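Here is a short report on one protein chain. Keep the picture beside you as you read.

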Amino acid sequence: MSDRPNILIIMADQLAPQFTGTYGHPLVQTPHLDALAARGMRFDAAYCNSPLCAPSRAAFMSGQAVSRTGVYDNAAEFPASIPTFAHYLTGAGYRTCLSGRMHFVGPDQKHGFAERLTTDIYPADFAWTPDWTRPEERIDSWYHNMGPIKEAGTAHATFLTDYDDEVAFAARRWLMDRARDRAAGEAAPFCLVTSFFHPHDPYVARHAFWDLYDDIPLPESPPATDPMSRRLMDGIEASTTPVTPEEVRRARRAYFANVSYIDAKIGELIQTLTETDALDNTVVIVTSDHGDMLGERCLWFKMSYFEHSVRVPLVMAGPGIATGTAPNACSLIDLAPTLMDLAEAGDPRVPLDGRSLMPLARGEQDDTSEVIAEYCAEMTGAPVFMIRRGAMKYIHCDTDPPQLYDLDADPDELTNVATDPAYAAQAVAFADEVAQRWDSAALQRDVIASQQARFAVHKGMAAAGPTQWDHSPQSDATRQYVRSHMDWAVADRRYRYPPLP
């Protein structure tokens, strides 16, 4: 095989590209992401395939659609039998590792990664299963409400900063260990996924990042009135819990601060690549699992197909990556075939729903501009589908009127043109495509059957006592640093980087 590059993927959680300096926000400071984009490719129409953590991440890992993996919601098991890019890259000779969260539900907590350095931040069991037989019922024990907006502010530490600091430290140490291995003669390339929790709510920031911001503007877009948005407002209690302009400003300020906090983590990882002489042979990819409405259209968090919720940042830089911007619509489902292309991992054993983005990353012509997304989680009782093709975005749910937006003419999605005679041909074509692509009623039955089975399993597991699937990293302290059975001078030479001549 040729000299294949290392791969470093940095994944944020709930990071909307619209709230980064890299994508043009006038206030938010993201110098490290800016620098990465300046020497690489910025994808300007990248999307998630489901605006919710676990389904989006399963699509990212597998290159398969939500309706194929069955990862419908944040408590749906990601089957161990589904190949991921980590399986393919490990099999192709890469050293693969995950540091941070990936919201794997079920007993398989590695899904192809040879190593996993930290636990996850969310539970791996079925506790968070929604119930489509009672779609109007709000699940108070774990569901979003307006608390994060009302309680936004500053803190010296939170469970989120504790977690992300651990994720960054573990990733940087692992990168340093790979440099030590290379100095000792190991030639295998690596693929490290470093996945952080910020800027996900709660909207609480450290003072150093909070102090970067002042005079935060309020959202200017009018409230969304479509049925899905109204259900989301009811679900997060935005319909019944008023927030003041000052509370909105504080939440947005904390979010902006946490975007800069994550940008600082990007800088730390790039610095480690530089210190270990690995930067020039490493493709760095930065993305997120979904965005955050952050008060736009009176919506918060995700679970919506509006741009702030469903779009994600996607920046690639490194050997073989051109400098520029790519306007084509693409999605996280495209990253698995892209990574397999980069790693020369061969053909997948199962069909993938995505396409390699390497032609676009190399600056080549690519006429494909398409995203397919599926939402099968809370605050609906039927699947919600989205197709973006070119400038047009179509949204369908059996229980709701269709939505069609022309993003070139209406980037803020203020005018639904599904019934506009000028767009009649596009509306009919999209409706026909939805009917041909999906059997919505059958998918609804599958989702409900999955939920009911998980309710039964979770009840039995809870009654039997603790049965945790959560990943617990193993560490053998008898092999760390210097011990009595080893020559301390040998250990000293092993850990010192750069090594002595």
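The report goes from the whole chain to its charges, and then to some single helices and residues.

**Ground rules**

This is a predicted model, in which local features need pLDDT of at least 70 and side-chain atom pairs count only at pLDDT 80 or more, while totals for chains, interfaces and linings use all residues. Residues are numbered from 1 along each chain as its sequence is written, and side-chain values use heavy atoms, with hydrogens and water left out.

**The whole chain**

The chain holds 15 helices and 14 strands. Its radius of gyration is 23 Å, close to the 23 Å that the globule rule gives for 501 residues, so the chain is as compact as a globular protein of that length. Helices (H or I, at least four residues) and strands (E, at least two) are DSSP runs, numbered from the N terminus. The radius is taken over C-alpha atoms, and the globule rule is 2.2 Å times the number of residues to the power 0.38.

Along the principal axes, the C-alpha atoms fill a box of roughly 75 × 55 × 50 Å. Of the 501 residues, 58% are buried. Buried means under 20% relative accessible area, exposed means over 50%, and partly exposed lies in between (1.4 Å probe, protein chains only).

Contacts are next. A contact means heavy atoms within 4.5 Å. Take the contacts with a separation of 6 or more: residues 24 or more positions apart account for 75% of them.

**Charges and salt bridges**

The chain has 43 positive and 68 negative side chains. Lys and Arg count as positive, Asp and Glu as negative; His and the chain ends are not counted. The centres of the two sets lie 6 Å apart. For this, a charge is placed at NZ of Lys, CZ of Arg, CG of Asp or CD of Glu.

Side chains of opposite charge can pair when their charged atoms come close. A search of the whole structure finds 30 salt bridges. A salt bridge here is a side-chain nitrogen of Lys or Arg within 4 Å of a carboxyl oxygen of Asp or Glu. The table shows some of them.

| Pair | N to O distance |
|---|---|
| R68 and D353 | 3.1 Å |
| D120 and R116 | 3.1 Å |
| R362 and E364 | 2.9 Å |

Start with R68 and D353, which meet in a salt bridge. This pair links distant parts of the chain, 285 residues apart. R68 sits in helix α3 (residues 66-69), and D353 sits in the loop between α11 (335-343) and α12 (358-361). R68 is partly exposed at 38% relative accessible area, and D353 is partly exposed at 39%.

Are D120 and R116 buried or exposed? D120 is buried at 11%, and R116 is buried at 6%. Both also belong to a network of salt bridges that links D13, R57, R101, R116, D120 and D289. In the R362 and E364 pair, R362 is partly exposed at 37%, and E364 is partly exposed at 39%.

**Two covered helices**

In helix α2 (residues 53-62), 10 of the 10 residues are buried, so the helix is largely enclosed by the rest of the structure. Among them is R57. What do the buried residues of α2 pack against? Their partners are β1 (6-13), α3, α4 (85-91), β6 (190-199) and α11. After α2 comes G63, with a positive phi near 70°.

Helix α11 is mostly covered, with eight of its nine residues buried. They include L335, P337 and M340. Just after α11, E344 takes a positive phi of about 50°.

**Two loop residues**

D334 lies in the loop between β10 (324-331) and α11. D334 is buried, at 3% relative accessibility. Leaving out residues up to four places away in sequence, D334 touches G354, R355, S356 and L357.

V417 lies in the loop between β14 (403-406) and α13 (424-437). V417 is buried, at 7%. V417 and A427 are 10 residues apart in sequence and 8.3 Å apart in space, C-alpha to C-alpha.
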